[in-house]
Amino acid sequence: MDLSAVTKHSVLHAKPRGLLLQYGTAGFRMKAEYLDHIMFRMGLLAVLRSKQTKSTIGVMVTASHNPEEDNGVKLVDPLGEMLAPSWEEHATYLANAEEEDMQRVLIDITEKEAVDLQQDAFVVIGRDTRPSSEKFSQSVIDGVTVLGGQVHDYGLLTTPQLHYMVCCRNTSGQYGMATIEGYYQKLSRAFVELTKQASCSGDEYRSLKVDCANGIGALKLKEMEHYFSQGLSVQLFNDGTKGKLNHLCGADFVKSHQKPPQDGDKIATLISSFLKELLLEIGENLNVGVVQTAYANGSSTRYLEEVMKVPVYCTKTGVKHLHHKAQEFDIGVYFEANGHGTALFSKAVEDKINQLARELEDKKGKAAKILRNIIDLFNQAAGDAIADMLVIEAILALKNLTIQQWDALYTDFPNRQLKVKVADRKVISTTDAERQAVTPPGLQEAINDLVKKYRLSRAFVRPSGTEDVIRVYAEADSQESADSLAHEVSLAVFDLAGGIGERPQPGF
């Protein structure tokens, strides 16, 4: 490890003194102008991780749902998973090191993880369409090359596509071809096979309208369209030809501004109930669980538990918490309220379904083949929106359901989300998957008293992960009651948790 070369290059990607950042569920994210040093250093870290695992590691330059002015970066582990928690700590440690401490920090990580510096390293890189992303990809490449790593830059990719590439490269092609064409072929083949099983009583020609949030999804769906041949027409909106990335569009905007209906809870309900139906048809009694966060609409939880008899579990907010819990089941389904999520199948379940699809005939065989194709679609990467979209479209076709009939499975409870500015968000700590406030004293009692005033109501508060605000969520039997409860909880937060600025006002 040529530490003098690292020092020389690091100065070209200098860290603003005193700036402290944390590697979280989504990696690093903030305003783009503060991130150049982070990109360089994550290139360095990717090389160390590659040497330690003797595998290809991915680096994705993206800030997903964040505004166009932001950017971010996350590392992808060998089987397409999120970075291991212990290496998240290393990422934070390295990111926050001042220039004069860089050599010592790199040596610390190398020794702690017993990294063989003679081992070859290979890193693959992808990026989104943000104006800053191409320059930042080059900064990552600088970090990789200065430590002697080899690099392949895939250029413009969705995050799940990079996860797919990493997994393909580390499984000697067993998972698929590590090319964009390989990704498109794998998804489209599974989708076409699935929809072949659908009855022809409904529309044979289906049309999809997709909000691409003026981002990378538009480019990739355009490339993918011709792989579907006949039977599916994809119409793109907010395709990036005009308008800014994630501005007044996209999944987070839908969820937080309550424009069209929320989707994540409805997706989890549709998928988990369909999987349960298939398992009943096959005669397999597997452990199926749905994992939600506190933001999941209470009506969806009630429907899953009471009507579909599917067990539901709640975790802290963040994909890594949902993903970890979902791995405890034979089949674990999780979707955040904004629609980000997937279904996970244990290796034993995959092998069993593949065997049944080969051996069984008639209805059982058909159900096993459908389940095998669903597994193929979901096993691209954690939270692949394109794969999710295709699975949903296939299930609707197989069940001969319209969007309206799907939406009518249950009715969401009216809800409201608000933010309260505070001097220090750490004043609030939570427990019970963030549904109960532990501190400050008296806050949870105040929330409990307010909730009692409204029918079918609940409310919780949690500190933001990125800014000094407290997020407030409230549900009730009417929109008026949900709005009123959210406002009253906001006042309690303001008074008991050190609110700053103007007191929260009613009206939305």
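Author: Lys 399 and Glu 277 form a salt bridge, with their closest N and O atoms 3.0 Å apart. The pair links distant parts of the chain, 122 residues apart: Lys 399 is in helix 15 and Glu 277 in helix 10 (residues 264–282). The model is a predicted one.

Reader: What makes the contact of Lys 399 with Glu 277 a salt bridge?

Author: The cut-off is 4 Å between a side-chain nitrogen of Lys or Arg and a carboxyl oxygen of Asp or Glu. The closest N and O atoms of Lys 399 and Glu 277 are 3.0 Å apart, so the pair is within the limit.

Reader: Are these two residues buried, partly exposed or exposed?

Author: Lys 399 has 29% relative accessibility and counts as partly exposed. Glu 277, at 35%, is also partly exposed. The label covers values between 20% and 50%.

Reader: Why is Lys 419 called exposed?

Author: Exposed means over 50% relative accessible area, and Lys 419 has 51%, so the label applies. Lys 419 forms a salt bridge with Glu 467, the closest N and O atoms being 3.7 Å apart. Glu 467 is partly exposed, at 31%.

Reader: Where in the chain are Lys 419 and Glu 467?

Author: Lys 419 is in strand 12 (residues 415–421), and Glu 467 is in the loop between strand 15 and strand 16 (469–475). They are 48 residues apart.

Reader: How do you know that Asp 128 and Arg 130 are buried?

Author: Buried means under 20% relative accessible area. Asp 128 has 5% and Arg 130 has 3%, so both are buried. Their side chains meet in a salt bridge at 2.4 Å, N to O. In the whole structure, a search finds 26 salt bridges.

Reader: Why is there no salt bridge for Asp 384?

Author: The nearest side chain of opposite charge, that of Lys 186, is 10 Å away, and the limit is 4 Å, so Asp 384 has no salt bridge. Asp 384 is buried and is found in the loop between helix 14 (362–378) and helix 15 (385–399). Its side chain reaches the backbone nitrogen of Ile 386 at 3.0 Å.

Reader: How many aromatic pairs are there, and what makes Tyr 295 and Phe 460 edge-to-face?

Author: The structure holds 11 aromatic pairs. The rings of Tyr 295 and Phe 460 have their planes at 70° and their centres 5.0 Å apart.

Reader: Why is the pair of Tyr 313 and Phe 329 called tilted?

Author: Its ring centres are 5.0 Å apart and its planes are at 40°. Stacked needs under 30 degrees and edge-to-face over 60, so the pair is tilted. Tyr 313 is partly exposed, with 33% relative accessible area, whereas Phe 329 is buried, with 7%.

Reader: How do you know that Cys 168 is in no disulfide?

Author: A search of the whole structure finds zero disulfides. For Cys 168, the nearest cysteine sulfur is that of Cys 167, 6.2 Å away. The limit is 2.5 Å, so Cys 168 is in no disulfide. Cys 168 counts as buried, at 2% relative accessibility.

How values were computed: Residues numbered from 1 in each chain as written. Predicted model: local features only at pLDDT ≥ 70, side-chain atom pairs only at ≥ 80, totals over all residues. Heavy atoms only, no water. Buried < 20%, exposed > 50% of the residue type's maximum accessible area, 1.4 Å probe, protein only. Helix = DSSP H or I, 4+ residues; strand = E, 2+ residues; numbered from the N terminus. Lys, Arg positive; Asp, Glu negative; His and termini not counted. Polar contact = N/O pair within 3.5 Å; in protein donor to acceptor, adjacent residues only side chain to side chain. Phe/Tyr/Trp six-rings, centres within 6.5 Å; stacked < 30°, edge-to-face > 60°.
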